[in-house]
Amino acid sequence: MTPETAVGTAVLLPLLGAVGIALTGRWPNLRESVTVVTALAVFGVVLSLVPGVLAGDRPGLTVLDVMPGVALAFEVEPLGMLYGLVATGLWIPTALYAIGYCRAHGEENQTRFFVCFALAIFAALGIAFARNLFTLFLFYEALTLSTYPLVTHYGNDEARAAGRTYLGILLTTSILFLLLAIIWTWKLTGTLEFSPGGILAGRVDGPLVAVLLGLYVFGTGKAALMPFHRWLPAAMVAPTPVSALLHAVAIVKAGVFTVVKVIVYIFGIDFLSETGASIWLMYAASFTLLAASLIAFTKDNLKARLAYSTISQLAYIVLGGALATATGVFGSGMHIAMHAMGKITLFFCAGAIFVASHKKNVSEMDGLGRRMPFTLAAFFVGSMSIIGLPPTGGAWSKWYLALGAAEGHHLVFVGVLMVSSLLSIGYLMPVVGRAFFLAPSSDPVENSKSEGDGLGLPVKGFWSKIHEAPLLCVAPLCATAAGCVVLFFYAPDILGLLQGMRLSG
Amino acid sequence: MNEHLPALQTVVPMMAAPICILLRRASWVRVFAVAVAWSCLAIALALLEQVLTHGTISYALGGWAAPLGIEYRVDVLNAYVLVIVATIGAVVIPFPLDGRELRIPRERYYLFYSLFLLCLAGLLGITITGDLFNIFVFLEISSLSAYALIGLGRDRGALTAAFSYLVMGTIGGTFILIGTGLIYQMTGTLNIVDLARRLPPVLESRTVWIAPAFLVVGTSIKLAAFPLHQWLPNAYTFAPSMVSSFLSATATKVAYYVLVRVIFGIFGAAFFFETIGLSSLLLPLSLAAMVVGSLAAIQQTNIKRLLAYSSIAQIGYMTLGLSLANLNGLTGGLVHLFNHALMKGGLFLVVACALSRVASPDLEALRGLGRKMPLTMAAFVVGGLSLIGVPGTVGFVSKWFLVLGALDKGLYLVAFFILASSLLAVVYVWRVVEIMYFRESAVPVERDEAPLSMLVPTWILIGGTVYFGLNTELTAGVAHTAAQFLLGGAS
């Protein structure tokens with residue numbers, strides 16, 4: 001397979017997978033096999049692109065010319081490669097987890113669920129490999145629309161209201177700001193291609209640069225920069241696998257990926273640091289970063305707490321881009337991967353806790369660690385990565401972000417990063433502490449309840465006290481927790497990949 | 001044969017209309033009408049192809065040379081509009097007639113097809129002719145048959161709707177006739193090309209100054225441009241859905257064409273945009289149409305009326321493109337003719353499909369329809385996304401050019417406005433989507449999809465909104481050439 005066909009195959013496979021899932025909807029086992037096989041195949045194909053990209057190739061594919069100069073086209077560069085790897089790589093554990101979760105939980109409309117999931121991955125890959133702003137925007141909107149049925153999965157009033165917030169914010173910002181910014185860019189430069197060193201330098205100056213940057217950043221509602229962050233907590237009504245992959249990985253990372261990509265390949269970091277047009281964004285991102293952390297403290301619902309933590313962590317990535325230094329961009333790119341692995345673990349844990357004990361709130365989780373030691377140990381590892389402690393991957397991305405701030409002589413943001421790390425200890429560690437060190441509230445009904453129906457694969461064996469979620473839930477979350485540690489040791493490889501980015505023209 | 005194509009374009013459907021009455025049998029008439037509509041499309045496509053390769057075609061009807069005789073003149077602009085009208089006609093006419101929506105019994109369906117073909121002939125005639133008075137004649141042919149078609153709706157409201165359309169349409173037609181008369185008085189000619197030559201010397205006279213007012217207002221009534229749109233919501237609501245589909249996709253488009261022809265072809269852009277300053281009137285009214293139409297659509301409880309108000313907003317986009325009067329703006333306005341024809345034609349066909357299974361076009365009656373008719377409702381979602389202007393649909397292409405046109409003129413606020421108004425479309429489209437997919441029906445639903453004969457035409461138009469959203473070579477390409485032709489010819 002040539003790299004060109006590999007790019008096409010990678011993007012097309014999830015779409016074919018969606019069709020396959022729809023066709024096999026009547027036979028759940030076959031349908032789930034299609035999901036898993038597709039996920040594995042997509043990841044394999046994406047992985048096969050890595051050596052070429054590392055060697056400096058930019059495999060691409062032009063599908064068709066939509067308008068003169070505006071094409072539906074793909075090109076794989078390091079940042080997109082990384083995002084593509086993260087999205088498709090984490091699809092595999094999520095697919096397994098979702099199967100376990102949906103069956104244990106007796107979800108309805110599972111076929112629609114898995115079809116939309118595959119479509120979302122299709123859209124995410126389209127974003128990752130987009131060669132120009134048009135293609136990116138096309139798949140950006142496709143991602144919003146394909147995940148709407150997932151957010152509103154339960155179909156009740158709460159889900160419908162959440163769906164309105166979700167579509168309302170994401171469509172409003174993208175149509176009103178992002179599209180305007182794209183058309184404006186086209187008018188100024190006559191091109192929409194992502195180019196090394198950016199395309200705007202010399203075409204626009206003065207305060208207009210900052211305005212245009214603002215349109216891009218706030219137009220990318222998926223990056224959840226305040227005040228356009230409300231959709232993310234609202235979307236938590238979705239089933240947990242959706243929150244895990246989409247609202248910790250594919251969708252939100254699509255947002256920050258877009259922001260970083262625009263900063264690097266449309267504005268160019270040299271142009272931004274010369275004009276100082278992104279300084280306001282550093283402060284805006286820092287505000288979101290700290291404010292979201294503080295809000296996370298007030299949330300007792302575990303998923304809501306994680307959602308605000310995500311908002312805060314996304315702001316790290318935006319901040320790294322706004323610093324407009326090479327190290328900052330690398331830190332952002334690494335954080336896309338590190339945060340994804342950490343946060344998906346935490347969401348998996350939240351879902352496993354919910355499946356096994358039907359508990360949603362942190363305050364109810366006293367002593368839970370004795371019943372679910374694997375889940376909560378994984379939660380601990382994931383938290384370490386989010387906080388940024390070695391030996392987990394999050395340590396490196398935070399290191400490079402801080403280094404980027406220092407290099408750009410923006411020392412105040414080094415302080416912001418450190419304070420925020422402390423805050424994240426404050427809102428994540430109590431979960432683990434309560435679970436392991438506090439005595440469980442006595443609830444005989446809860447304790448006598450047998451777990452692990454559904455697949456009939458409970459974790460049995462060593463202590464009768466243990467009542468974990470089904471194996472298909474627990475195994476993926478242990479795997480991603482291990483992944484957090486593995487990433488600590490593979491950080492240089494990720495950095496190596498990102499250093500292949502052509503930052504100046 | 002080939003050199004007579006312009007004449008055949010109108011003669012074929014015109015002659016076919018009485019033949020329908022002779023044939024009588026509903027099934028025969030339907031097959032015959034389909035054949036006629038498809039040959040009209042073939043002719044229109046052949047004409048477009050000829051124009052694009054060899055340039056403007058001039059055809060003297062009956063061999064009488066212009067300016068005395070009637071000239072059929074096909075250039076890029078009207079060849080493009082001919083294709084729009086003929087395409088919609090060809091796709092909509094095979095759509096099966098549903099007794100639940102029609103006032104007449106099956107034995108008299110031949111009358112429906114006869115009227116339909118007459119309307120098609122009239123619309124094609126308006127578009128193809130190069131003679132101002134002839135435009136009026138064809139306008140009356142198409143309008144009279146349209147009134148009757150609307151009146152065929154089963155609901156009693158159809159009669160009053162048709163009547164008020166008749167009153168408004170007649171006023172519009174009369175205005176056009178008065179305008180025509182005034183310029184004939186000053187120039188002694190009715191041929192458009194000849195007029196463009198003879199008008200400039202007498203442009204300062206008061207008579208000539210009044211004529212464009214009558215012509216513009218007259219065509220604006222036919223176009224349902226805000227605030228002259230009152231006839232439209234009722235007409236589209238009470239007409240049989242298939243008729244609404246055809247008229248919404250063609251009648252207003254042809255009126256827009258006439259307006260463009262009057263402005264650019266007869267008086268010249270300089271006269272309208274510099275001397276009179278039409279933009280300062282048309283631009284705010286277009287913006288108002290976009291907002292008022294959308295806001296009204298949001299409040300409707302009847303899906304056909306909702307789509308009708310949405311049409312008023314969409315017509316605002318077209319006139320906005322016209323008022324920008326630059327290359328990108330005009331391209332946007334013109335390409336929206338085709339794009340809106342596809343989406344609104346398709347959406348009204350969706351309603352027609354739905355009405356074959358549910359009793360009323362009230363939104364409440366659509367509850368649970370997402371489960372009952374998944375294919376039909378998926379078509380609605382795609383069409384709705386196109387109304388919003390999601391990338392990958394035709395709505396995006398129109399918006400792209402319009403925003404670009406506004407930015408070219410430095411009208412940043414207008415650009416923002418265009419995008420903001422598409423968010424209103426999100427609201428009215430999603431209201432319907434929520435009802436279809438989230439609200440449970442009062443009775444248990446079982447899958448009961450519309451027949452294939454209905455789904456195929458619907459999906460041809462809806463699929464077109466995606467296909468032409470990604471491949472704009474034909475639509476935006478031709479619209480761009482036409483806009484260039486108009487602006488180049490005017491300067």
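Begin by selecting chain B and colouring its contacts by sequence separation: of the contacts between residues at least 6 apart in sequence, 78% join residues at least 24 apart, where two residues are in contact if their C-beta atoms, placed from the backbone, lie within 7 Å. What is on screen is a predicted model, in which local features need pLDDT of at least 70 and side-chain atom pairs count only at pLDDT 80 or more, while totals for chains, interfaces and linings use all residues. Residues are numbered from 1 along each chain as its sequence is written, and chains are lettered from A and ligands numbered from 1 in the order in which they are written.

Next, select the contact between the chains, which takes 22 residues from chain B and 19 residues from chain A. On the side of chain B, the elements giving two or more residues are α17 (394–408) and α18 (412–437), and α18(B) gives the most, with nine residues.

Move to chain A and select helices α10 (residues 240–267) and α14 (residues 326–357), which pack at an angle of about 170 degrees with their axes 8 Å apart (axes are lines fitted to C-alpha atoms, for helices over the stretch in contact, and angles run from 0 to 180 degrees between N-to-C directions). That angle makes α10(A) roughly antiparallel to α14(A), a term for angles over 145 degrees. Among the residues that meet there are A:F257 and A:V260 in α10(A) and A:F347 and A:F348 in α14(A).

Finally, centre on A:S146, which lies in helix α6 (residues 133–151) of chain A. A:S146 is buried, with 23 other C-beta atoms within 10 Å (20 or more count as buried). Beyond its neighbours within four places in sequence, A:S146 is in contact with A:C116, A:L119, A:A120 and A:A123. A:A118 is 28 residues from A:S146 in sequence and 9.1 Å from it in space, C-alpha to C-alpha.

Methods:
Helices (H or I, at least four residues) and strands (E, at least two) are DSSP runs, numbered from the N terminus. Angles under 35 degrees count as roughly parallel, over 145 as roughly antiparallel, 65 to 115 as roughly perpendicular and the rest as oblique. A residue is buried if 20 or more other C-beta atoms lie within 10 Å of its own, exposed if 12 or fewer, and partly exposed in between; C-beta atoms are placed from the backbone.
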